[in-house]
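My notes follow the structure.

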Amino acid sequence: MAKDLTTREKDYAQWYQDLVTKADLAEHSDVRGCMVIKPYGYAIWENMRDVLDRMFKATGHVNAYFPLFVPKSFLEKEEGHAEGFAKECAVVTHYRLKNDPDNPGKLMVDPESKLEEELIVRPTSEAIIWNTYRGWIQSYRDLPLLINQWANVVRWEMRTRLFLRTTEFLWQEGHTAHSTKAEAIEETERMLHVYADFVENYMGVPVIKGIKTASERFAGAEETYCIEALMQDGKALQAGTSHFLGQNFAKAFDVQFANKEGKLEYVWATSWGVSTRLMGALVMSHSDDNGLVLPPRLAPTQVVIVPIYRTDEERARIAERVAEIEKELAMRGIRVKFDNRDTHRPGWKFAEYELRGVPLRIGIGPKDLEANQVELARRDTLTKGTVSQIGLADHIEKLLHEIQHNLFAQAEARRTASSHYVNTWDEFNAALDKGGFVYAHWDGTAETEQKIKEKTKATIRCIPLNNPQEAGQCILTGNASVQRVVFARAY
RNA sequence: CGGGAUGUAGCGAAGUUGGUAUCGCACCUGCUUUGGGAGCAGGGGAUCGCUGGUUCGAGUCCAGUCAUCCCGACCA
């Protein structure tokens with residue numbers, strides 16, 4: 001076990017906190033509920049962002065940037081939207097400070113600088129964007145409008161946790177406008193599949209694709225699609241959402257277009273987003289009591305090379321050989337780092353890179369130079385052995401693929417083992433206590449959903465897409481049901 | 001916002017009936033080390049969250065205040 005790292009078994013929440021800070025991903029700032037994302041954590045986020053950005057562009061989207069501030073009157077235009085976010089908004093009321101005459105050296109808000117209309121720090125950007133779109137859309141020829149924004153948003157949450165829920169967080173939000181309902185729904189679903197593709201194939205985290213129940217829906221949406229992942233402690237995490245907004249925002253902001261017949265119609269909308277919360281999902285899906293375990297496709301460093309030497313002469317000889325290995329790996333696009341620092345000993349470096357989740361580690365010393373071999377250690381399985389320097393780059397390339405697949409396979413196996421199909425209330429409670437996804441019948445009413453939540457703290461994570469239809473009885477009321485839905489306790 | 005707890009060096013902690021602050025990690029210097037978080041020796045670093053009060057004297061007692069964490073309700 002890594003030094004000073006709480007084990008998962010002892011205290012999963014503490015393990016997560018320890019890991020995020022000790023692996024140097026992020027730390028609490030001195031600002032309430034806000035974190036500092038440190039360079040190593042930010043490097044992982046940058047990799048995520050870059051991959052997603054390519055995927056968005058490959059599906060026809062372009063990036064733009066909208067204001068941080070939303071005038072209050074914009075936010076209140078879409079009623080459901082306003083209600084949903086009103087309780088967690090940071091509000092700017094003044095624009096100036098001045099020296100406090102009663103407290104030398106202190107500043108105070110200048111009461112004369114009160115804003116005529118308050119500005120809301122965006123909790124999400126539908127309002128400001130749809131207000132802008134009114135000026136951009138006149139004709140069916142202006143559609144579809146496929147725009148994404150990388151931004152920070154603020155939601156004044158009561159309680160925060162690094163990456164999973166912070167007052168300010170980074171995300172992307174796509175906001176698209178379409179001429180037909182069918183096309184907007186198609187877009188909503190397309191982006192859900194993009195998210196699922198990313199989370200499964202890059203992060204190595206299996207997800208359930210589904211739709212939210214009415215009570216879990218995004219404020220202002222007609223339908224919310226989501227991907228749901230399962231963490232190692234058996235709790236679910238919503239990893240991304242894609243919303244079909246209908247004509248709600250077009251009507252609220254009066255965005256109409258002339259169709260081919262010259263008649264005015266309201267525009268159809270979607271919005272979709274993933275956030276730095278994905279960092280939390282990444283950590284909680286694969287990591288162990290020795291530290292972080294990163295999937296090769298997102299790891300800032302995929303292979304680290306640690307030299308082992310006694311003399312300067314040995315160190316120089318190793319560096320010479322390592323330069324060749326580095327070159328061969330770099331030619332294959334593998335992100336490699338040679339840690340030739342003389343300020344830390346090899347054992348220290350081994351532990352450090354393990355904690356940081358670097359997928360592969362090469363150890364190379366005098367006896368390896370002699371035998372034309374290296375020591376190769378895998379982070380995911382914690383196994384190591386000696387391999388020949390001949391064909392090393394090929395071997396490593398294959399291993400990185402294997403590790404990527406292995407992480408997904410392990411996560412999927414865990415999820416399968418933690419997926420329970422139950423038919424009675426007792427079975428339902430027993431399954432929830434074991435943790436995981438619980439597939440159970442529900443009578444389809446919000447009242448029942450609410451009662452189950454109050455009794456068990458479990459929520460309906462989603463109704464899976466292409467959900468098998470099957471007659472059954474609601475676990476709480478016994479009323480007729482046509483399908484199972486996915487329950488879980490969630491983050 | 002309700003319930004509970006905690007603020008002492010960069011981090012984690014100790015500090016007795018009130019007497020001017022201690023330990024571990026980290027940091028700096030030197031030597032020996034280097035194939036799983038090195039050893040020894042020496043060294044630097046704290047107006048004890050903040051404000052006020054009691055006292056000859058406050059980390060310690062009292063009052064106020066701010067902040068953070070945990071458990072709830074809310075949530076990407």
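**Sheet and helices**

I began with one bridge: Q373 has S388 of strand 21 as its partner. Strand 20 (residues 373–378) pairs with strand 21 in the antiparallel sense over 5 bridges. Strands here are DSSP runs of E with at least two residues, helices are runs of H or I with at least four, and both are numbered from the N terminus; two strands pair if DSSP finds at least two bridges between them.

I noted that this is a predicted model, in which local features need pLDDT of at least 70, side-chain atom pairs count only at pLDDT 80 or more, and totals for chains, interfaces and linings use all residues. Residues are numbered from 1 along each chain as written, chains are lettered from A and ligands numbered from 1 in the order written, and side-chain values use heavy atoms, without hydrogens and water.

I then traced the open sheet: 5 strands in the order 18-17-19-20-21, with mixed pairing. Strand 18 (336–338) and strand 21 (384–388) are the edge strands, each pairing on one side only.

I looked up helix 10 (residues 346–355), which packs on the sheet and touches strands 17, 18, 19 and 20 (contact means heavy atoms within 4.5 Å). Its direction makes about 170° with that of strand 17; angles run from 0 to 180 degrees between N-to-C directions, with axes fitted to C-alpha atoms, for helices over the stretch in contact. Helix 12 (residues 392–417) runs at about 5° to strand 20.

Last, I checked helix 2 (residues 39–58) and helix 8 (residues 277–286), whose axes come within 10 Å and cross at roughly 105°. The contact includes W45 of helix 2 and L282 of helix 8.
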